Amino acid sequence: MVRATALDQKRLDKEQVAAKLLDASAKHSFDPVHEVDWEQPQPSDLFYATPEHISLYGTPLWERMTPEQRIELSKQEIVNIMSMGIWFETILMRMLLKMAYERHRPESRHVQYAYTEVADECRHSLMFIRMIETVGARPYGRPGYLNTLGRYVPVLLQGAPMWVGTLMGEEIVDVMQREMIRDERVQPLVRQVSKIHVIEETRHVKYAREALARRIPRAGRLEREHARLVAAESAVVVSEFMVNPAVYRRVGITDPAAARHLAKRNEHHIEVKRRAAAKVVPFFEELGLMGGPAMKRWRLSGFVA
Ligand SMILES: [Fe+2]
Ligand SMILES: [Fe+2]
């Protein structure tokens, strides 16, 4: 029943969508090297992320921290998210380039927009790296299994599963960044970077959502099942990234494993995750991509109740 709405909705033609996105890209694209004020002061009393977004916010461990430690934790957590962003965007660029390569139709607006999005993501990753350096931190690595998996993702994910994975990567961070832009407790530098990212990501989300909605009615059972699974597994990957023990180690927490355990069960953290997923999950629901055995994984991720 619910499923019918997104599918029945009159969808713009693929080329029309891409043409609009190309037009918007021509009007509102940013060059972070010149458009972010990298020299601006970083006031010592401001957080590097919205405090409520911090995985340990509100826990007894958080309550025992000094204001300086809390700010350092916020810095390390945003650096961790940006490190995840670089990993994700690099995979996405490879998927888009692979798609462009295989379509053989560079004259199509759809392929031209794919190239445009690659250019955006390329600038984003450079912006994240620069921000990590500017706040005086080092990027975080990823677990070995994800490193290996990421190598094969562009081959493993095509069609609906590709778009589903893309949306999970983009929409969760997008909601959190939107909240940060408005948060005056957050460093102006972080807010500036977030704003650029949010503006450009709006187009990426539109591109992926439209592509997924067009694809689902044509997808066979196997592709749908694959997409369901990829959505749930991506949710687990993102949620695992959000409680990185290396972050806790860097801020000097003596038992990082215990901190991670605490963060995973932290009701404030769970609430932030539910809010972050509140746009993408109903969209997946409309397309019939929620439900079945994958729900176990979704619940494990904490993004849905
Ligand atoms: Fe991006
Ligand atoms: Fe993106």
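User: Where in the protein chain is confidence lowest, and where is it highest?
Analyst: This is a predicted model. Confidence is lowest in helix α1 (residues 2–8), with a mean of 47. It is highest in α6, at 97.

User: And what does the protein chain average?
Analyst: The average pLDDT is 93. At least 70 is reached by 96% of the residues.

User: OK, metals. Which residues are the protein donors of the iron ion (ligand 1)?
Analyst: Glu89 (OE), Glu121 (OE), His124 (ND1), His197 (NE2) and Glu201 (OE). They lie 1.9 to 2.3 Å from the iron ion (ligand 1).

User: What spacing do those donors follow along the chain?
Analyst: For the iron ion (ligand 1), the pattern reads E-x31-E-x2-H-x72-H-x3-E.

User: Where do the two histidines, His124 and His197, lie?
Analyst: His124 is in helix α6, and His197 is in helix α9 (residues 188–215). The pair therefore ties together parts that are 73 residues apart in sequence.

User: Are His124 and His197 buried or exposed?
Analyst: Both His124 and His197 are buried.

User: Now the iron ion (ligand 2). What coordinates it?
Analyst: Glu121 (OE), Glu170 (OE), Glu201 (OE), Glu201 (OE) and His204 (ND1). The distances are 1.9 to 2.4 Å.

User: What's the spacing for the donors of the iron ion (ligand 2)?
Analyst: Along the chain they follow E-x48-E-x30-E-x2-H.

User: How far apart are the iron ion (ligand 1) and the iron ion (ligand 2), and which residue bridges them?
Analyst: They lie 3.6 Å apart.

User: Why does Glu201 count as buried?
Analyst: Because its relative accessibility is 2%, and buried means under 20%.

User: And His204, buried or exposed?
Analyst: His204 counts as buried, because its relative accessibility is 0%.

User: Switching to packing. At what angle do α2 and α6 pack?
Analyst: About 35°, for helix α2 (residues 14–27) against helix α6 (residues 109–134). Their axes are 8 Å apart. The crossing of α2 past α6 is left-handed.

User: Which residues make that contact?
Analyst: From α2 there are Lys14, Glu15, Ala18, Ala19, Leu21, Leu22 and Ser25. From α6 come Arg109, His110, Gln112, Tyr113 and Thr116.

User: How many nonpolar, polar and charged residues is that?
Analyst: The contact of α2 with α6 has five nonpolar, four polar and three charged residues.

User: What about Glu171, where is it?
Analyst: Glu171 is in helix α8 (residues 160–181). Its relative accessibility is 4%, so Glu171 counts as buried.

User: What does Glu171 touch?
Analyst: Leaving out residues up to four places away in sequence, Glu171 touches Val205, Arg209, Ala276, Lys279 and Val280.

User: Last one, Glu77. Which helix?
Analyst: Helix α5 (residues 67–103).

User: Is Glu77 buried or exposed?
Analyst: Glu77 counts as buried, because its relative accessibility is 9%.

User: Which residues does Glu77 touch?
Analyst: His53, Ile54, Ser55, Val247 and Tyr248, again not counting residues up to four places away in sequence.

User: And how are Glu77 and Tyr140 separated?
Analyst: Their C-alpha atoms are 9.9 Å apart. Along the chain, Glu77 and Tyr140 are 63 residues apart.

Technical notes. Residues are numbered from 1 along each chain as its sequence is written. Chains are lettered from A and ligands numbered from 1 in the order in which they are written. This is a predicted model: local features need pLDDT of at least 70, side-chain atom pairs count only at pLDDT 80 or more; totals for chains, interfaces and linings use all residues. Side-chain values use heavy atoms; hydrogens and water are left out. Axes are lines fitted to C-alpha atoms, for helices over the stretch in contact, and angles run from 0 to 180 degrees between N-to-C directions. Helices (H or I, at least four residues) and strands (E, at least two) are DSSP runs, numbered from the N terminus. A crossing is left-handed if the near helix is turned anticlockwise from the far one by less than a right angle, and right-handed if clockwise. Contact means heavy atoms within 4.5 Å. Ala, Val, Leu, Ile, Met, Phe, Trp, Tyr, Cys and Pro count as nonpolar, Asp, Glu, Lys and Arg as charged, and the others, Gly among them, as polar. Donors are N, O and S atoms within 2.8 Å of the metal (3.2 Å for Na, K and Ca); water is not among the atoms, so sites may look incomplete. Buried means under 20% relative accessible area, exposed over 50%, partly exposed in between (1.4 Å probe, protein chains only). pLDDT is the predictor's confidence in each residue, from 0 to 100.
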